[in-house]
Amino acid sequence: MVTDPIADYLTRIRNASLARHKVVEIPASKIKKEITKILFDKGYILNYKFEDETFPSTIKIALKYHPLTKEPAMTNIKRVSTPGLRKYVGVEDMPRVLNGLGIAIISTSKGLMTDKEARALNIGGEVICYIS
């Protein structure tokens, strides 16, 4: 049993990208699906597929690399709020990752969103992770 499924999700993506894998398969949950959608919308992954007909359901993620240098699109993935130490921020203390070049994924009362979207909606929440 995994005590922190989101950290496991981020670690699988980090390890697969460092090993230059094309696809990584991860056990699915609602929050992992939402994080995957955000990563796709912001251009950090090529594509994804939710396989709900299999048990347990999985997420297949096609990782993105720069065409010339073959470097991963996600160079830094960091889990911020853990089950042992939750990290909450208000809108005035919203983090900026790499001065706005990266994203912070925030769990708010309106669902998961990036730090920029939460700042625009003027709501705070729990900081899930930083991605750059």
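At 39% relative accessibility, arginine 20 counts as partly exposed. The model is predicted.

**Exercise 1.** Is arginine 20 buried, exposed or partly exposed, and where is its place?

*Solution.* Start with the cut-offs: buried is under 20% and exposed is over 50%. Arginine 20 has 39%, so it counts as partly exposed. Finally, check the backbone: its phi is positive, about 60°, although the residue is not a glycine.

**Exercise 2.** Classify leucine 98 by its relative accessible area.

*Solution.* The relative accessible area is 54%, so leucine 98 is exposed. Leucine 98 belongs to the loop between strand E5 (88–89) and strand E6 (103–108). Its phi is also positive, near 50°, and it is a residue other than glycine.

**Exercise 3.** Which residues of H1 are buried, and what do they pack against?

*Solution.* List them: Ile6, Tyr9, Leu10, Ile13, Ala16 and Ser17. Seen down the axis of H1, these buried residues fall within an arc of 130°, so they line one face of the helix. The general rule: an α-helix has 3.6 residues a turn, so residues three or four places apart point the same way. Now find the partners. The buried residues of H1 pack against several elements, including helix H2 (30–41) and strand E8 (125–131).

**Exercise 4.** What span should H2 have at 1.5 Å a residue?

*Solution.* H2 has 12 residues, so it should span 16 Å. Its end C-alpha atoms are 17 Å apart, which agrees. After H2 comes glycine 43, with a positive phi near 85°.

Technical notes. Residues numbered from 1 in each chain as written. Predicted model: local features only at pLDDT ≥ 70, side-chain atom pairs only at ≥ 80, totals over all residues. Heavy atoms only, no water. Buried < 20%, exposed > 50% of the residue type's maximum accessible area, 1.4 Å probe, protein only. Helix = DSSP H or I, 4+ residues; strand = E, 2+ residues; numbered from the N terminus. Arc of directions from axis to C-beta. Contact = heavy atoms within 4.5 Å. Expected span 1.5 Å × (residues − 1).
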